[in-house]
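Please keep the sequence and the structure in view while reading.

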Amino acid sequence: MEGIKGETMPKKKQCLTLKKCLSTFGIYIAFLLIFIVLIFSNPVFLSVTNLINILKQASITSVIAIGTTFILISGGLDLSSGSVAALAGVSSAMFGLPGEYPFIIALFIALSVGALCGLLNGIVIAKGHVSPFIATLGMMTIARGMALIVTKARPVFGLSQEYIRLGSGKLYGIPNLILVMLIVLVIAYMLLNKSKLGRHIYAVGGNEDSAYVSGIHVVKIKLIVYVIGGTLSGFAGLLLAGRIQSGTPVMGQGLELDAIAAAVIGGVSSTGGIGKVYGAVMGALMLAMVSNGLDLLNISPYVQQVIKGLIIVFAVFFDVNTKKVKA
């Protein structure tokens, strides 16, 4: 490669430039490569019905992954999002039966339960100085247990048409789940990239001590990101219940890991300070695409778990090494 004055760029600098390029566009390159491979592997993959199905599969994971992105960028972690989604989903389903309460009440319950769980996570972590791993692991167990208790381990059937329409209906031929995902993405992007709050979240995740010295209320920021994450988990629980047309206490299992994986695959740093919400959505789309492609190829679900695990490990490995380059 020639420089401006015709000088050859040193090999070490070329290597760093390549790594920075991969860190920026790696997700898109990988997405395109996997997409092309799956097109030639099975012609059904490229059908409109199948592509829409992939988008629907990715939508709920994306909503949780967006909340997880806020938390990861601030330097935190949330292992409870799947269980919080289940608790919020069954709680709202109880208020989503036809002829009892307006649908807005079910929506309010889902968001409130999620926000409350997120707030409790934030208080324990930010004020109690408990590690995010331990605090959210505890919340994961508590929320799942609460979901089983309030439903007596039974599904809540017979949801209202408004409830089911949100998770399973369409608007102008486009599934509501996809539209909701896009709306959440736009709002989250504006909040994280075009507001003072977003700048403070990046600052806290980049260097907490420096953020504190700069006058940023670190505890307040941590509380806010966990409330955002919890609220979106609660909303995802509502969408999930609407999609499967019932509120079940076992739903959402593994969603927290999918959300973290989607965020990290999409370029969100697991150590804070770096990442974009649209990257998390790309990561969720990639996971859904891989899962769909493996299903079409009749790959065993057990093997699929192994492949997904390898993708996650590679993404984290890439994230760690990319951060070394940027440092």
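## Leu239 and the nonpolar cores

Leaving aside neighbours within four places in sequence, Leu239 is in contact (heavy atoms within 4.5 Å) with Ile60, Val63, Leu166, Gly167, Leu177 and Val180. Leu239 also belongs to the largest nonpolar core, which has 75 residues, and is one of the three members, with Ile66 and Phe70, that touch the most other members. A nonpolar core is here a set of buried Ala, Val, Leu, Ile, Met, Phe, Trp, Tyr and Cys residues joined through side-chain atoms within 4.5 Å. Buried means under 20% relative accessible area, exposed means over 50%, and partly exposed covers the range in between, with a 1.4 Å probe and protein chains only. A second, separate core contains ten residues, among them Val84, Val90, Val113 and Met139. In soluble globular proteins, nonpolar side chains tend to be buried together.

Phe235 is located in helix α10 and is counted as buried because its relative accessibility is 15%. Beyond four places in sequence, the contacts of Phe235 are Val63, Leu107, Leu111, Val180 and Val184. Phe235 and Ile60 are separated by 175 residues in sequence, yet their C-alpha atoms are 9.1 Å apart in space.

## Basis and confidence of the model

This is a predicted model, in which local features need pLDDT of at least 70 and side-chain atom pairs count only at pLDDT 80 or more, whereas totals for chains, interfaces and linings use all residues. Residues are numbered from 1 along each chain as its sequence is written, and side-chain values use heavy atoms, with hydrogens and water left out.

The average pLDDT (the predictor's confidence in each residue, from 0 to 100) of the chain is 88, and 90% of the residues score at least 70. Over residues 1–6, pLDDT stays under 50, and the model has six contacts beyond four places in sequence for this segment. Where pLDDT is low, the predicted coordinates should not be read in detail.

## Overall architecture

The chain has 13 helices and two strands. These elements are DSSP runs numbered from the N terminus, with helices (H or I) of at least four residues and strands (E) of at least two. Of the 327 residues, 46% count as buried. Among contacts between residues at least 6 apart in sequence, 76% join residues at least 24 apart.

The accessible surface of the chain, from the Shrake-Rupley method with a 1.4 Å probe and, for residues, only the protein chains shown as cover, comes to about 16,300 Å². Carbon and sulfur atoms account for 70% of this surface.

## The salt bridge

How many salt bridges does the model contain? The count is one salt bridge, defined as a side-chain nitrogen of Lys or Arg within 4 Å of a carboxyl oxygen of Asp or Glu. The pair is Lys222 and Glu208, whose closest N and O atoms are 3.1 Å apart. Lys222 lies in helix α10 (residues 218–244) and Glu208 in helix α9 (residues 208–213), so the bridge ties together parts that are 14 residues apart in sequence.

Lys222 is buried, with a relative accessible area of 16%, whereas Glu208 counts as partly exposed at 36% relative accessibility. Not counting residues up to four places away, Lys222 touches Ala126 and Glu208.

## Surface patch

Phe25, Tyr28, Ile29, Leu33 and Tyr278 form a nonpolar patch on the surface, with about 470 Å² of accessible area together. Patches are made of residues with over 30% relative accessible area and no salt bridge; like charges are joined within 9 Å, and nonpolar side chains (Val, Leu, Ile, Met, Phe, Trp, Tyr) within 5 Å. Helix α1 (residues 11–41) gives the most to the nonpolar patch, with four residues. Ile29, which has its place in helix α1, is partly exposed with a relative accessible area of 41%.

## Backbone at two loop residues

Most residues other than glycine have a negative phi. Lys152, in the loop between α5 (132–151) and α6 (161–168), has a positive phi near 55 degrees. Lys152 is exposed, with a relative accessible area of 65%.

Tyr172 also has a positive phi, of about 55 degrees, although it is not a glycine. Tyr172 lies in the loop between β1 (170–171) and β2 (174–175) and counts as exposed at 81% relative accessibility.
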